[in-house]
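This briefing sets out selected features of one structure for computational work.

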Amino acid sequence: MSEAPVAIVSAMHEELSALLAQMPDEQRVRVAGRDFWVGHLHGQPVVAVLSRIGKVAAAVTATVLLERFGVRAIVFTGVAGGLAPGVSVGDVVVASELLQHDLDASPIFPKYEVPLMGLSRFAADTAIGDALAAVAEETLRDPVALLGQKAVDEFGLRSPKVHRGLLVSGDRFVSTAAESDALRRNLPDALAVEMEGAAVAQVCHDYGVPFAAMRTISDRADDAAHGDFARFVVEVASRYSLALVDAWLATLPSSETPAAT
């Protein structure tokens with residue numbers, strides 16, 4: 001029986017394209033209106049796919065990965081808005097836990113708690129998270145080598161850092177100072193905000209499959225969040241994602257299965 005693949009889920013088309021360019025044998029399988037690309041990277045069986053935007057779309061993508069492709073782990077890459085002090089543009093957040101910041105079934109259930117589950121925070125896989133953080137620390141030591149001097153200067157990426165902690169998700173693009181201030185008040189330990197990760201974490205929890213999320217900070221989730229987003233994704237985030245996923249896969253022996261922790 002062949003080894004189960006690892007799923008690499010990208011939030012942006014540019015990230016997925018960069019990844020597919022490195023897969024020598026990718027084959028497209030279309031399921032639920034989505035293109036799943038099956039192939040290998042560093043000798044590892046991989047399924048790469050675009051998550052689509054929002055929690056429901058991402059949850060559908062994750063469910064197909066688990067049911068149709070039987071993946072042994074899901075790793076999510078993309079961009080996020082920084083929330084916590086010191087989480088700056090060009091930094092990387094590796095999630096240790098994830099929460100849906102727009103979920104509120106109170107007073108029947110506590111705010112943020114998923115009804116009937118008794119959970120508001122879903123833990124990311126520790127072993128995969130540790131490995132991703134380690135390769136990110138090493139890769140980001142020299143941003144010029146990774147991105148070029150022009151991109152480093154344009155986006156002010158002098159000393160990018162790696163953060164571990166809470167990543168929050170919701171079905172809206174947080175792009176005002178008022179919204180980000182409210183999130184910081186309500187969830188003071190949240191490092192960054194995006195639109196998919198917590199939903200995928202919940203699906204993986206239900207299936208008992210390891211999940212990890214790694215997000216590049218594209219903005220501070222404030223009034224300047226609309227900035228030159230497209231250029232940042234192409235010139236920074238997609239290169240980060242490819243380099244970090246590539247480095248992580250290279251550390252996995254072909255016989256190893258990432259273990260849930």
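In this predicted model, a search of the whole structure finds 1 cavity of 30 Å³ or more. The volume of the largest cavity is about 40 Å³, whereas the largest pocket has a volume of about 280 Å³. The whole-structure search for aromatic pairs returns 2.

**Largest cavity**

- The lining of the largest cavity consists of Ile8, Ser10, Glu15, Leu19, Thr77, Ser238, Ser241, Leu242 and Val245.
- Three elements, strand S1 (6–10), helix H1 (13–20) and H8, each supply at least two residues of this lining.
- The most is given by H8, with 4 residues.
- By residue class, the lining of the largest cavity divides into 4 nonpolar, 4 polar and 1 charged.

**Largest pocket**

- The largest pocket is lined by 18 residues, and those nearest its centre are Val79, Phe173, Glu194, Met195 and Phe229.
- Two or more residues of the pocket lining come from each of S5, strand S9 (190–194) and strand S10 (211–219).
- The residues lining the largest pocket comprise 11 nonpolar, 2 polar and 5 charged.

**Aromatic pairs**

- A pair of aromatic rings is described by two quantities, the distance of the centres and the angle of the planes.
- Phe36 and Phe69 form a tilted aromatic pair, with 5.1 Å centre to centre and 35° between the planes.
- Phe36 counts as buried, at 0% relative accessibility.
- Phe69 is also buried, its relative accessible area being 17%.
- The aromatic pair of Phe155 and Phe232 is edge-to-face, with 5.2 Å centre to centre and 85° between the planes.
- Distant parts of the chain are linked by this pair, since Phe155 lies in helix H5 (residues 149–155) and Phe232 in helix H8 (residues 229–250), 77 residues apart.
- At 17% relative accessibility, Phe155 is classed as buried.
- Phe232 has a relative accessible area of 2% and is buried.

**Hairpin of S2 and S3**

- Strand S2 (residues 27–31) pairs with S3 in the antiparallel sense, over 5 bridges.
- These two strands form a hairpin with 2 residues between them.
- In the turn, Ala32 has a positive phi of about 55°.
- Across the strand pair, Arg30 stands opposite Asp35 in S3.

**Helix H2**

- Helix H2 has 13 residues, which at 1.5 Å a residue should span 18 Å; the end C-alpha atoms are 18 Å apart, in agreement with that value.
- The buried residues of H2 are Lys55, Ala57, Ala58, Ala59, Thr61, Ala62, Val64, Leu65 and Leu66.
- An α-helix has 3.6 residues a turn, so residues three or four places apart point the same way.

Notes. Residues numbered from 1 in each chain as written. Predicted model: local features only at pLDDT ≥ 70, side-chain atom pairs only at ≥ 80, totals over all residues. Heavy atoms only, no water. Phe/Tyr/Trp six-rings, centres within 6.5 Å; stacked < 30°, edge-to-face > 60°. Buried < 20%, exposed > 50% of the residue type's maximum accessible area, 1.4 Å probe, protein only. Pairing = 2+ DSSP bridges. 1 Å grid on protein atoms, 1.4 Å probe; cavity = no way out; pocket = protein on both sides within 12 Å on 5 of 7 lines; lining within 4 Å. Points joined across faces, edges and corners; volume = space filled by probe spheres on them. Nonpolar A, V, L, I, M, F, W, Y, C, P; charged D, E, K, R; others polar. Expected span 1.5 Å × (residues − 1).
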